[in-house]
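Hello,

I am passing a structure on to you. Please open it alongside this note, which goes through what turned up in it.

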Amino acid sequence: MEKNSYEYKIPHSRSPATYLIEVLGELEASWTDRLGGMRISSRIMEDRSVVTTLKGRLMDQAELTGVLNSLYNMHFTLLRVQKMHDTEKMHDTENEEPEKS
């Protein structure tokens, strides 16, 4: 058998990264400790639905999975999960672009 001449690099999943997560519905800020210490804010959309945004630095993919599982267990509809570039500002969500692999 011939070896492939290319090498696929898997991103290191044990590195800390900053994430932006959006869910449909209102999540109280008091949940921050149970959700990886992420900052929680909510806003009312034009259609009067409430969208909650969680932003914060998580230590690894396991911690991200824990946050997502907690949101799932609380029956929130996941709208967006985005890994942010380290150079992006935590408060600017309008012009954020997802990290490209």
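**The helix**

Ala62, Tyr72 and Asn73 are exposed on the other side of H1 from Leu64, Val67 and Leu71, which are buried. Buried means under 20% relative accessible area and exposed over 50%, with partly exposed in between (1.4 Å probe, protein chains only). Helices (H or I, at least four residues) and strands (E, at least two) are DSSP runs, numbered from the N terminus.

A word on the basis: this is a predicted model, in which local features need pLDDT of at least 70, side-chain atom pairs count only at pLDDT 80 or more, and totals for chains, interfaces and linings use all residues. Residues are numbered from 1 along each chain as its sequence is written, and side-chain values use heavy atoms, with hydrogens and water left out.

In general, an α-helix has 3.6 residues a turn, so residues three or four places apart point the same way.

Asp60 caps its N-terminal end, with a side-chain oxygen 3.2 Å from the backbone nitrogen of Ala62. After H1 comes His75, with a positive phi near 65°.

**Fold and core**

The protein has one helix and four strands. From the N terminus, the order is β-β-β-α-β. Of its 101 residues, 27% count as buried. Take contacts (heavy atoms within 4.5 Å) between residues at least 6 apart in sequence: 62% of them join residues at least 24 apart.

What do the buried residues of H1 pack against? Strands E1 (17-24) and E3 (50-58).

The largest nonpolar core has 14 residues. Such a core is a set of buried Ala, Val, Leu, Ile, Met, Phe, Trp, Tyr and Cys residues joined through side-chain atoms within 4.5 Å. Ile21, Leu27, Leu35, Met38, Leu54, Val67 and Leu71 touch the most other members. E1, E3 and H1 each supply at least two residues. E1 gives the most, with four.

Ile21 sits in E1. Its relative accessibility is 0%, so it counts as buried. Beyond four places in sequence, Ile21 touches residues including Leu64, Val67 and Leu71. Ile21 and Val81 are 60 residues apart in sequence, yet 4.5 Å apart in space, C-alpha to C-alpha.

Glu22 is also in E1. It is buried too, at 8% relative accessible area. Which side chain does Glu22 join through a polar contact? That of Arg43, at 3.1 Å. A polar contact is a pair of N or O atoms within 3.5 Å; within protein, one must be able to donate a hydrogen and the other to accept it, and residues adjacent in sequence count only if both atoms are side-chain atoms.

**Confidence**

pLDDT is the predictor's confidence in each residue, from 0 to 100. The protein averages 83, and 71% of the residues score at least 70. Over residues 92-101, pLDDT stays under 50. The model has 19 contacts beyond four places in sequence for that stretch.

Best wishes
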